[in-house]
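Here is a short tour to read with the structure open beside you. We start where the chains meet and then look at each chain in turn.

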Amino acid sequence: MSNEHTVKSYEEELQFLKDSLIKMGSLTESQLNDAMDAVIKVDKDSIDKIIKSDEEINKFRSKIDTQIMNLLVKRAPMAIDLRETISSLKISQDLERIGDLSKSNAKKVKPLPLDLPDELLGNLKRLGELVMKQLNDVLDSYVNKNFDKAKEVWEKDEQVDDLTYIAMESVIDFLSKDKKNLDFSTHLIFATKNLERAGDHITNIAETVCYLVKGEYLKGSRPKGKVIQK
Amino acid sequence: MTNIKIKSKNLNVYYGDKQALFDVNLDLNEKEVTALIGPSGCGKSTFIRCINRMNDVIDICKVTGNIEMDGMNINDKDLDVVSLREKVGMVFQKPNPFPKSIYDNISYGPKIHGKGETKSELDQIVEKSLKKSALWEEVKDRLDEPGTSLSGGQQQRLCIARAISVNPEVILMDEPCSALDPIATAKIEELIDELKKTYTIVIVTHSMAQAVRVSQKTGFFHLGKLIEVGKTEKIFKNPDNKMTQDYITGRFG
């Protein structure tokens, strides 16, 4: 028995959907990376490019929506195909939201002064790197249908929460030294929070991948770090 | 708790030298719809024909193993097949009303089973059966017209009415909608939903979507073997067996 669909065009449509999602994923990755870079380096020149790439991600989202609608109507997918289709719908939503958060972070670069002290950005940078790694890992787990890897990402969100807490603390410390810092510190707090929320969307994707692979939802509640418990 | 209405254990069927079913173990729950799916020739129809001993009419057919209804051995050679078939009604792929009036189509069964002594009793059975099969409103003023004058979908509901007129416990349906248009199919499916409150139903279907819509339990047959059986939702979302998955997703070569 072969693993290919008897109807070739069905096979192609499913593959096309997976390819679109992978492309959307890698676009979201580079946008998140660029937005992080822009914040850390206070690089105001890249803001427009990042905002533009968000439009691309949104276009992918609606393209994927159309592909999914067509698949549902034409093929009435079952079992693994049904899970693949529905998972693509959910993952593309989460990717789009991550894109929005990156865009929002890019916009926060504008009011930042160019001479931000390193100790202020260090923790934010670490958080950004972790979120990047999480996104990369979860997309890997999707491509390779790797349940264990997706679950690992899911568990690691706790670390994202903890780092968010630490990054926030350092901004608040900085703020408390001089009230003049209030304006841009607020932007940094929002940027930190955006990263934490991107982490939550990555956790959603991890849950979706687990469901896609095994057909069952992960049991138990999500691991929560300090920022949530507080 | 759901009761098991029909239980097959190591059921084997042979047509001459050719084995059509291999050690089928399948429980059918009371007042539930069980869908049987699988490619043509996989044994699903052969299986349901064991339930009302329809295979008896094929000379070369031999059945071994066990199949029980409420603990009664269906294969018992001393069993009264007529009374078995009174308990187990059947509806076929192609609507096959008798070449008689709508009324006679329904009253025929009860008459031969001695269930309607008087005209008014028969009238009642006819009305009740047609109401149960959701056909009454459409035919109540034309009961003396031939059953064959009805549309395909109506004829199929007439056959269902005929099957339930003798008050069976089980209804077997062998691809009951494959000759019907989507509206007529929808009416039959709605009817199945209603009938399952009273009867145990087994439906053989080639439509996956139909199996999902109408059944609570699904069995997948392949080359005479029952490959997988389970809750319909589980079978169509996340089957355990790769062969089941390949079949329902259209990957069968």
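In this predicted model, 15 residues of chain B are in contact with 15 residues of chain A. On the chain B side, helix 8 (208-214), helix 9 (232-237) and helix 10 (242-248) each supply at least two of the residues that touch chain A.

**Where chain B touches chain A**
- Helix 10 of chain B gives the largest share of the side of chain B that touches chain A, namely four residues.
- Sorted by class, the side of chain B that touches chain A holds seven nonpolar, five polar and three charged residues.

**A helix pair in chain A**
- Helix 4 (residues 118-143) of chain A packs against helix 6 (residues 182-214) of chain A at an angle of about 20°, and their axes are 10 Å apart.
- Because angles under 35 degrees count as roughly parallel, helix 4 of chain A is described as roughly parallel to helix 6 of chain A.
- The crossing of helix 4 of chain A with helix 6 of chain A is left-handed.
- From helix 4 of chain A, the residues making the contact include A:Leu124, A:Leu127, A:Gly128, A:Val131 and A:Leu135.
- From helix 6 of chain A, the contributors include A:Leu188, A:Leu195, A:Gly199, A:Ile202 and A:Val209.
- By class, this contact of helix 4 of chain A with helix 6 of chain A has 13 nonpolar, five polar and no charged residues.

**The four-stranded sheet in chain B**
- Chain B has an open sheet of four strands in the order 2-1-4-5, with antiparallel pairing.
- Strand 2 (18-29) and strand 5 (72-73) of chain B stand at the edges with a single partner strand each, so one side of each has no neighbour in the sheet.
- Strand 1 (residues 4-15) of chain B runs antiparallel to strand 4 (residues 61-69) of chain B, and eight bridges join them.

- Strand 9 (residues 217-222) and strand 10 (residues 225-231) of chain B run antiparallel and are joined by six bridges.
- B:Phe221 has B:Leu226 in strand 10 of chain B as its bridge partner.

Key
Residues are numbered from 1 along each chain as its sequence is written. Chains are lettered from A and ligands numbered from 1 in the order in which they are written. This is a predicted model: local features need pLDDT of at least 70, side-chain atom pairs count only at pLDDT 80 or more; totals for chains, interfaces and linings use all residues. Two strands pair if DSSP finds at least two bridges between them. Two residues are in contact if their C-beta atoms, placed from the backbone, lie within 7 Å. Ala, Val, Leu, Ile, Met, Phe, Trp, Tyr, Cys and Pro count as nonpolar, Asp, Glu, Lys and Arg as charged, and the others, Gly among them, as polar. Axes are lines fitted to C-alpha atoms, for helices over the stretch in contact, and angles run from 0 to 180 degrees between N-to-C directions. Angles under 35 degrees count as roughly parallel, over 145 as roughly antiparallel, 65 to 115 as roughly perpendicular and the rest as oblique. A crossing is left-handed if the near helix is turned anticlockwise from the far one by less than a right angle, and right-handed if clockwise.
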